[in-house]
Amino acid sequence: MADTGVVGGERVAEAVAGAVAVLRTATDRDWAQAPAGRVEWSCLKTAEHIASDLIAYAGQLAGRAQEAYVPFEIFLEEGTDAEGALQVIETGGTLFAATLRSTPRETRAFHPYPFRSANREGFAAMGVAEVLLHTYDIAQGLDLDYEPSAHLPEYVLTRIFPEVQPGPDAWRTLLWATGRGDLPGRAPRTGWRWSNNLVLPAERLTLQGVTPAAAAELAAGGDGGFAWVEDGPFEGTREAAGMTLKAYEAGVHRPEFGLFVLVRREDGRAIGGMGFHGAPDEDGRAEVGYDLAPSARGQGYATEALRVLSDWALARDDVHSLCATIEPDNAASQRVIARAGFVRASVAEEQAYGETETGLRLYVLTGRTA
């Protein structure tokens with residue numbers, strides 16, 4: 001199982017090393033007077049921003065901040081030149097990479113976009129993005145050629161840009177996604193934010209949103225960056241990961257309506273998957289599904305998670321009802337769905353949801369009326 005903290009640290013270190021190698025070829029220039037690309041800063045101010053972000057992200061994770069940013073910023077001393085700024089970036093990168101490697105898997109710290117927290121992998125992706133994008137800005141201002149290794153922008157896109165359909169070139173897709181470039185067939189993007197994964201808390205579990213990167217690993221037979229119980233993940237979770245990946249590749253993925261992995265609080269072990277078959281339709285209907293490793297069944301975990309997921313969904317303005325289809329002889333799943341408040345669909349409800357697969361029973365949980 002790959003340690004996402006170690007991998008994240010490696011990606012940050014690689015991004016910083018590549019950026020500094022390019023920018024160090026122009027340290028004889030006056031960065032304070034050269035504007036940086038499309039941002040409203042000088043090249044020196046942009047370099048200061050990169051360093052500040054790296055150290056701030058390290059501070060968020062190291063301090064386990066939960067409610068707001070840790071209240072500090074760093075600034076370059078007056079008179080710092082380009083070489084001095086690069087030294088601070090290198091220092092910030094080293095500190096951040098070390099923090100990522102030493103941060104426990106289940107740690108989350110405050111970040112406002114969009115769900116007010118991020119894990120170590122999310123922070124790593126944000127740090128890599130800051131380095132790549134602002135190095136590009138500085139390079140534009142200094143007339144330097146800069147293009148990072150393709151796996152670095154791909155690392156960013158598949159973790160904090162889940163709504164962006166992948167393109168044939170990850171670097172140019174990331175530039176387009178952040179308003180820095182054009183892509184054939186896509187309108188210019190003028191507004192954007194990071195999109196860290198959603199985590200829903202339950203009493204004994206957390207429901208952790210699966211990123212496109214994790215979905216690809218799970219669908220291919222890997223662990224998706226989670227520490228699974230010995231008999232997990234079960235086949236339904238891998239199939240759901242494949243559905244998530246297909247939606248992402250097609251550009252229709254809405255991460256809050258994707259797959260969640262159920263992680264036990266007591267030991268940090270992943271025990272199953274639960275989520276939606278897609279975003280709600282025009283009538284506010286969405287279908288749910290779930291799958292537990294055999295060793296985790298019969299302990300009420302699925303019911304607990306389904307109640308939390310259903311409450312979250314039905315509290316939204318775009319969801320009015322949920323449904324699930326279950327095989328007639330699957331008594332255990334029927335008990336789960338009943339305890340979570342779902343009821344057997346009426347003939348009218350079955351017609352409203354459309355024909356279900358032959359032999360399956362439809363269960364419905366209704367919230368607000370449309």
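Which residues lie nearest the centre of the second largest pocket? The legends below work through that pocket and some other close-ups. The model is a predicted one, where local features need pLDDT of at least 70 and side-chain atom pairs count only at pLDDT 80 or more, while totals for chains, interfaces and linings use all residues. Residues are numbered from 1 along each chain as its sequence is written, and side-chain values use heavy atoms, with hydrogens and water left out.

**View 1. The second largest pocket, with His49, Asp53, Tyr57, Tyr69 and Glu130 nearest its centre.** On a 1 Å grid over the protein atoms alone, a pocket is an open set of points with protein on both sides within 12 Å along at least five of seven lines, and a lining residue has an atom within 4 Å of a point. This one holds about 680 Å³ of space, where a volume is the space filled by probe spheres set on the points, joined across faces, edges and corners. Its lining has 28 residues, and the largest share, eight residues, comes from α2. Both α2 (43–63) and α4 (120–141) supply at least two; helices here are DSSP runs (H or I, at least four residues) and strands are E runs of at least two, numbered from the N terminus. Sorted by class, the lining has 12 nonpolar, eight polar and eight charged residues. Nonpolar means Ala, Val, Leu, Ile, Met, Phe, Trp, Tyr, Cys and Pro; charged means Asp, Glu, Lys and Arg; the others, Gly among them, are polar.

**View 2. Helices α2 and α4 packed together.** Their axes sit 9 Å apart at an angle of about 175 degrees. That makes α2 roughly antiparallel to α4, a label for angles over 145 degrees. Axes are lines fitted to C-alpha atoms, for helices over the stretch in contact, and angles run from 0 to 180 degrees between N-to-C directions. Residues in α2 including His49, Asp53 and Tyr57 meet a set in α4 that includes Glu130 and His134; contact means heavy atoms within 4.5 Å.

**View 3. The largest pocket, about 1,200 Å³ in volume.** Of its 48 lining residues, Gly236, Gly289, Tyr290, Asp291 and Ser333 are the closest to the centre. Helix α8 gives the most, with eight residues. Among the other elements that each supply at least two are β7 (285–292) and α10 (331–339). The class tally is 21 nonpolar, 17 polar and 10 charged.

**View 4. The largest cavity, about 260 Å³.** Closest to its centre, out of 21 lining residues, are Asn119, Glu121, Asn197, Gln208 and Phe226. A cavity, unlike a pocket, is a set of points where a 1.4 Å probe fits but cannot get out. Helix α4 turns up again here, giving the most to the lining with three residues. In this lining, 11 residues are polar, six charged and four nonpolar.

**View 5. An open sheet of eight strands, with mixed pairing.** Read across, the order is β3-β4-β5-β6-β7-β8-β10-β9. At the edges are β3 (199–201) and β9 (343–344), each pairing on one side only. Two strands pair if DSSP finds at least two bridges between them; β4 and β5 (259–264) have five, in the antiparallel sense. Leu207 stands opposite Leu262 in β5. Helix α10 packs on the sheet, touching β7, β8 and β10 (361–366).

Definitions and conventions
Angles under 35 degrees count as roughly parallel, over 145 as roughly antiparallel, 65 to 115 as roughly perpendicular and the rest as oblique.
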